[in-house]
Amino acid sequence: MSRTIEANFLPSPVEEAKEKPRILIIDNNRDFTYSAKLALERTGRYSVWEENEPARTHQTAQRVLPDLIRPHSRENCPAREGVNVMRERR
C-alpha cells in the first residue's frame with residue numbers, strides 16, 4: 001500500500017514580505033494586557049506580546065524587538081518600567 005503526502009514547507013513570497021509589526025504591551029493588570037493582545041491579534045495585522053512583571057520588561061523588549069511599546073501609564077506603578085525601556089530603545 002502506498003500513500004502520497006503533500007506538504008508545502010516553503011512560505012509563499014507574499015507571506016515572507018508581510019512581516020507583522022511587533023507590539024509589546026507592558027502593564028501589571030493581566031486582564032488588560034490579555035484583552036488588548038487578543039483585540040490586536042484578531043485584526044491579523046500585528047504580533048503582540050504582553051509583559052506583566054516590571055523586572056522582566058527589559059529582557060522581553062530585547063527578545064521581542066518591538067516596533068511599538070505600550071507602557072503602563074500610571075506614574076506611581078512599578079510597571080512604569082515600560083517608559084524606561086522606551087527611553088533606552090530610542
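Buried means under 20% relative accessible area. By that cut-off, Arg22, Leu24 and Ile26 are buried and point one way from strand 1, while Ile23 and Ile25 are buried and point the other way. The model is predicted.

**Confidence**

The protein averages a pLDDT of 77. Of its residues, 66% score at least 70. Among the elements, helix 1 (residues 13-17) has the lowest mean pLDDT, at 44. Helix 2 has the highest, at 94.

In general, strands of a sheet pair through backbone hydrogen bonds, either parallel or antiparallel.

Strand 1 and strand 2 run parallel and are joined by five bridges. Across this pairing, isoleucine 25 stands opposite glutamate 50 of strand 2. Five of the five residues of strand 1 are buried, so the strand is largely enclosed by the rest of the structure.

**Arginine 22**

Arginine 22 belongs to strand 1 (residues 22-26). A polar atom of its side chain lies 3.1 Å from the backbone oxygen of valine 64. Beyond its neighbours within four places in sequence, arginine 22 is in contact with Ser47, Trp49, Val64, Leu65, Pro66, Asp67 and Leu68. Arg22 is one of the buried residues of strand 1.

**Serine 47**

Serine 47 sits in strand 2. Its relative accessible area is 24%, so serine 47 counts as partly exposed. Leaving out residues up to four places away in sequence, serine 47 touches Lys20, Pro21, Arg22 and Ile23.

**Helix 2**

How does the length of helix 2 (residues 30-42) agree with what its 13 residues should span? At 1.5 Å a residue they should span 18 Å, and the end C-alpha atoms are 18 Å apart, so the two agree.

Both ends of the helix have a local feature to check. Asparagine 29 caps the N-terminal end of helix 2. One of its side-chain oxygens lies 3.0 Å from the backbone nitrogen of aspartate 31. Glycine 44 follows helix 2 and has a positive phi, near 80 degrees.

**Proline 54**

Proline 54 is placed in the loop between strand 2 (47-51) and helix 3 (57-64). With a relative accessible area of 24%, proline 54 is partly exposed.

**Pairs apart in sequence**

Two C-alpha pairs are listed here. One involves proline 54, the other serine 47.

| Pair | Separation in sequence | C-alpha to C-alpha distance |
|---|---|---|
| Proline 54 and isoleucine 26 | 28 residues | 8.0 Å |
| Serine 47 and proline 66 | 19 residues | 9.1 Å |

Isoleucine 26 is buried in strand 1. Proline 66 is among the contacts of arginine 22.

Technical notes: Residues are numbered from 1 along each chain as its sequence is written. Side-chain values use heavy atoms; hydrogens and water are left out. Helices (H or I, at least four residues) and strands (E, at least two) are DSSP runs, numbered from the N terminus. A polar contact is a pair of N or O atoms within 3.5 Å; within protein, one must be able to donate a hydrogen and the other to accept it, and residues adjacent in sequence count only if both atoms are side-chain atoms. Contact means heavy atoms within 4.5 Å. The expected span of a helix is 1.5 Å times one less than its number of residues. Buried means under 20% relative accessible area, exposed over 50%, partly exposed in between (1.4 Å probe, protein chains only). pLDDT is the predictor's confidence in each residue, from 0 to 100. Two strands pair if DSSP finds at least two bridges between them.
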